[in-house]
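Welcome! Here is a short tour of a pocket and of some backbone features. Have the viewer open as you read.

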Amino acid sequence: MDNLTLRLASFAASLRYDQIPPEILHHARRSLIDTLGCVFGGIDCEAARISRRIGEGAAPWNHAGAVLGANERVPAEEAAFINTVMIRYLDFNDSWHAGHPSDIMGGLLALAGSAGADGKRLLTAMVAAYEVAFQMIPPTRMRERGWDQGYVIGIAAVCGIGNLLGMPAEKLAHAIAITAVANVPMRATRAGKLSLWKGAATAFAIRNAVFATLLAEGGMTGPEAPFEGRHGLWEQITGPFELDPFGVDGGEWKFPWIRLKYWPVEYNAQAGVWAALRLREEMAAEDVASIDIATYWSAWHEIGSEPAKWDPVTRETADHSLPFIFARALVDGTITVGSFDAPAYLDPALRPLMAKISVREDAAIEALYPAQIVMRVEAVATDGRRCSIEITNPRGDNTNPMDDAEVATKFRALAEPVLGVEHAARAFAAWNTIDSGTELGEAMGLLVPPLGHAGP
């Protein structure tokens, strides 16, 4: 195996709970709670219903997969897909430049029970996966090169699953190799009018990561040089790169880089919501003549560079449309999950305001990214008044993190409509102590809605 494969496998296979600093475990628990809240937000989404129908009646094999929020057991890769589309549906789960590490939890939670894991093993596997994701995203630059986030997230998922299953580094290396060469998704998923696949593409990568890991555990071997060899990642896409030292080797633990979302929108639009709310204090929507939004390349390219973003006709396009999100927040004074119901994003009364909004890349702002998230708004009123607003590192950014109370409030807001107030409180308490006071099976059971409450 090439050096990069061996290094990833060695780190993931050997990481132990007692090697992880307490502050990193605290970050992991926060992201886990945040992720589980998002599950309830997507528990009955169309993509989850489709995938449940496919999985219905399928007999689990060696590793039965748990479907979150239900008493179902299906093949592990099916459960991983279902769980991850629920996590991703609202686009409210954690994020970091060109990826959503919490997508990985759909696979880990599917397998944790059949793997006989406890809370400490689950958090250890989670940290292993997140650290690999943070190591791989910056040097590969897959998003900037036109490839989708599932490539790195899939590899990171394999590393977490391998840790959870207690796989030796030799076998885990084969799982990494299989995933690295067989799953190179295209960014077309997130271009133009977005479809249900926008929220399912990375779920597919997690499904494939589970399957590849179980294949390798069973003896399947993979190519010897998926990254550094002939026709490998370096030659085909990225060129050579080096990883930083991992935290266990004296390097920086990167988990604190994670960004939790305050608003249920694509991450680059978080600043846009705050800017619209600030503008609303100065100028009424009906008084706007023009709005110019300057930002970094990734925000412009992802949510403000295509005609479809000025006329969203699907939920998936709307939550990736800066003109829609900005206009909706300016008119309504907030953004909620309901802002992406069809009547809201198809609202013809909003189109004239959206047409007054322009979005562009600003070279000076781009130079600050990703260390700083900046969005600058210049608005002109019909009477000639001008208003300038700049948002830097919005709430939820790793430099301006949501506090524990805000994470808890977000969980309750998403979970209570499904579980009820008392049951949601019990679920929160259980998962918030998952590595110190709660048995994992009990905690998984608390994700199932009680009789009389909503569920899939």
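How much space lies in the largest pocket? In this predicted model, the figure is about 260 Å³.

## The largest pocket

Let's look at what surrounds that space. The lining of the largest pocket is made up of 13 residues. Nearest its centre you will find F92, Y262, P264, K410 and A413. By class, the lining holds 9 nonpolar residues, 2 polar ones and 2 charged ones.

## A cis peptide bond

Now for the backbone. Most peptide bonds are trans. The bond that runs from Y369 to P370, however, is cis, and its omega is near 5°. To find P370 in the viewer, go to the loop that links α17 (363–368) with β5 (374–381).

## Positive phi angles

Most residues other than glycine have a negative phi. A98, which is not a glycine, has a positive phi near 65°. This alanine sits in the loop between α4 (76–88) and α5 (105–111). Is A98 buried, partly exposed or exposed? Its relative accessibility is 25%, so A98 counts as partly exposed.

N393 is likewise a residue other than glycine with a positive phi, here about 50°. Is N393 buried or exposed? Because its relative accessibility is 13%, N393 counts as buried; the cut-off for buried is under 20%.

Technical notes
Residues numbered from 1 in each chain as written. Predicted model: local features only at pLDDT ≥ 70, side-chain atom pairs only at ≥ 80, totals over all residues. Heavy atoms only, no water. 1 Å grid on protein atoms, 1.4 Å probe; cavity = no way out; pocket = protein on both sides within 12 Å on 5 of 7 lines; lining within 4 Å. Points joined across faces, edges and corners; volume = space filled by probe spheres on them. Nonpolar A, V, L, I, M, F, W, Y, C, P; charged D, E, K, R; others polar. Helix = DSSP H or I, 4+ residues; strand = E, 2+ residues; numbered from the N terminus. Buried < 20%, exposed > 50% of the residue type's maximum accessible area, 1.4 Å probe, protein only.
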